[in-house]
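Here is a short note to read beside the structure. Take the points in order, and find each element on screen before moving on.

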Amino acid sequence: MQSKNTNLISLFIFIMAISIKAVATPINPGRQSFPLNSKWQFYFAYNFEQNIQKENVDVPHTWNAAEVLKGVADYNRTAAVYENTIDVKPEWKNKRLFLYFEGVNSVANILLNHKFLGDHIGGYTGFCLEITDDVKPGENSITVQVSNAYRLDVIPLHGDFNVYGGIHRPVSLIVTGNDCISPLDYGSSGVYITQKKVSHQSAEVEVASKLSIKNTVGLSLKTTIYDQKNKIISSKVSGIENADTKEIKQSFELDKPHLWQGRSDPYLYTVEISLLKDKKVIDQVVQPLGLRYFNVDPDKGFFLNGKYFDLYGVGRHEDVSGKGSALQNSDHDRDMELIKELGATAVRLTHYPQNRHFYDLCDQNGIVVWSEIPFVGPGGYSGTGYVKNGNLEDNARTMLTELIRQNYNHPAICFWGIFNELKLDYDDPQPFIRELNALAKKEDPGRLTTLASNLGTREFSDLTDLMGWNQYFGWYDGYFDEVGAWADKVHGELPQKSIAVSEYGAGASPFKHMEVLEKPSPKGRFHPEEWQTAFHEQHWAAFKKRPFIWGKFIWVLADFGSSIRTEGDKNAINDKGLVTYDRGIKKDAFYFYKANWNPEPMLYIAEKRNIERSRSLTHVKVFSTANSAKLWVNGVFISEEKANDLHIIQWDNLKLSDGINHIEVSGGRGKLKLIDQCDWNLRSADKPKPIR
Ligand code: GCB
């Protein structure tokens, strides 16, 4: 019979066993990865009581998710503690153990069994710590002290977005043999696949693998490239003779490669790098390979694999209402579905390195990526300009290195962004930008560098390969129709520079409407949906005519949390999204782009949410991929009209009747009949209702 104590001990062992989520994800033979995402104990660091109530949380987690929805400007930027345990199994005696954190925002101290193990500064890049020599058999405690407090030496220093505190990305325990492909190189995979020379005829690829080895007897490194059907395309084995070998480079030549061609054909090979001992696999890393070449021409724009490739899409923040930045893969998948539904070809991952899973999605779906470090200036706000600070510069250098090394093998990435909206009125940031640019080129000569400026034509124009401007004509400044002239002026003044519009957008609430277009105040509460739509129609019309603009990035895919904002429907939200913060509503502008960018059949009546009408004379506007459509108002056929080159079909000077007006539009695309309808209520003819 078991004693009560034995029972308790068994229960304890059982709890400990499940606390490390005994199910390993076998990445490959020789290496195991255990997710460490559940059963964390969480408390704020200011809590010094002995018997504090700790909260059970799963990661990804942030302590700001609920609070920021209340619209507080000074959300909790403080320190907190996360605790967990790992059970070190007897069979791991001769293994090596690593903790991998995909992102802890912003500064983390990691303690093992209450002893300092290491730290990491910066919330948007992963990091890996070896714990082999510090663990004991059985239960070990892990403590992660996290702070998202504002620090003058940690980027971002500014930004129109929230810096959510917490272990906001997944954590895992990696177990390898004594000799392994190094997980310790700036949190990267340890493998760097360089596309040396790619054409439709052939591809020269170099695979550099970093090793962490102790005993070389019988060791070799085998790298195999598979096609999508799992057929071996090429394979090489290199012997490892010297224990000091830190890196092995292997070169491959592929004949007539199948190229990665964006949305239409995001073809991926797989590269499998295996460390062998006496021909048996003892460690393995698998990476994607999308073969492509690209260039940007100042007059003609972006070229992918030798062909013009129009780059347009959205900026994306990793932030969802009620979750902050603590997102699940399903949240990332949903954003990717939205991007695909729009028909975008590119995304700017603003303003920081994003979740691993999202880069994978971009590779798999053929979305070209601009990825950047959170070196963000005050932009239109009154924050300080750049203040030279050695620690801050170290932080930016490290983050850039981590961004590049961790994401080196993603074919989707073509551009590294060095900064967003720095100013020139404090210390001059330019020498440091030059240095960062050189660092990016040294780390990765195969990609192009860029930046996003909100200053004039010439400022910052000689710092990076390419350049982008954040432009808000018709929102913060001027009117929409100025954007074309602005682009022509910049192109004329900087004929050698390839220029992009790194952001353009206007705020909008799907619950606020106007019947007659009139520019709203950006800082006001009234952000009507119709203004945003008009903003985008006119911007896209201007961009379409100007292929020299190598990238066009809408600000922004979805509304996002920004504690500094007191405008629109709610405080603390930037409402320039094409969809709402919870991804629940697609605004009209979303459908405008969908009609222009996604060739699938669609027909959508714009302004349908503008139900309560006060003007009897109105228009019906439809976004559609159909060439023409027919309109009925209250069952009476009006006419069939043709789509213009912006995929807009419009009927003007229509007379609504008092009360409910049923609007129905139908159009054809081949055999498919597309229909949309809505009801508008004319309350009192020709007496404008107060719209604010
Ligand atoms: C910008 C910034 C971005 C802001 C945006 C805005 O230029 O780069 O972070 O959110 O403007 O909405 O004002």
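1. **Terms for a helix pair.** A helix axis here is a line fitted to C-alpha atoms over the stretch in contact, and angles run from 0 to 180 degrees between N-to-C directions. Two packed helices are described by the angle between their axes and the distance between the axes. Keep in mind that this is a predicted model.

2. **Helices α4 and α5.** Find helix α4 at residues 390-407 and helix α5 at residues 430-443. Their axes come within 10 Å and cross at roughly 25 degrees. Angles under 35 degrees count as roughly parallel, so α4 is roughly parallel to α5. The crossing of α4 past α5 is right-handed.

3. **Which residues of α4 and α5 meet?** From α4 come Glu 393, Ala 396, Arg 397, Leu 400, Thr 401, Ile 404 and Arg 405. From α5 come Phe 432, Glu 435, Leu 436, Leu 439, Ala 440 and Glu 443. This contact is made of seven nonpolar residues, one polar and five charged. An α-helix has 3.6 residues a turn, so residues three or four places apart point the same way.

4. **A four-stranded sheet.** The order in this open sheet is β16-β15-β20-β21, and the pairing is antiparallel. β16 (232-239) and β21 (280-289) are the edge strands. Each has a single partner strand, so one side of each is left without a neighbour in the sheet. From one strand to the next, the twist averages 15 degrees.

5. **Inside the sheet.** Strands of a sheet pair through backbone hydrogen bonds, either parallel or antiparallel. Take strand β15, residues 219-226, as the example. β15 pairs with β16 in the antiparallel sense, over seven bridges. Look for Thr 224: Ser 235 in β16 stands opposite.

6. **Helix α8: why is it described as largely enclosed?** Of its 10 residues (588-597), 10 are buried, so the rest of the structure largely encloses this helix. Buried means under 20% relative accessible area.

7. **Leu 69, a loop residue.** Leu 69 is found in the loop between β4 (55-57) and β5 (79-88). Its relative accessibility is 38%, so Leu 69 counts as partly exposed. What does Leu 69 touch, leaving aside residues up to four places away in sequence? Leu 69 touches Ser 321, Gly 322 and Tyr 581. Leu 69 and Gly 322 are 253 residues apart in sequence, yet 6.9 Å apart in space, C-alpha to C-alpha.

Conventions: Residues numbered from 1 in each chain as written. Predicted model: local features only at pLDDT ≥ 70, side-chain atom pairs only at ≥ 80, totals over all residues. Heavy atoms only, no water. Buried < 20%, exposed > 50% of the residue type's maximum accessible area, 1.4 Å probe, protein only. Helix = DSSP H or I, 4+ residues; strand = E, 2+ residues; numbered from the N terminus. Pairing = 2+ DSSP bridges. Parallel < 35°, antiparallel > 145°, perpendicular 65-115°, else oblique. Left-handed = near helix turned anticlockwise from the far one by under 90°. Contact = heavy atoms within 4.5 Å. Nonpolar A, V, L, I, M, F, W, Y, C, P; charged D, E, K, R; others polar.
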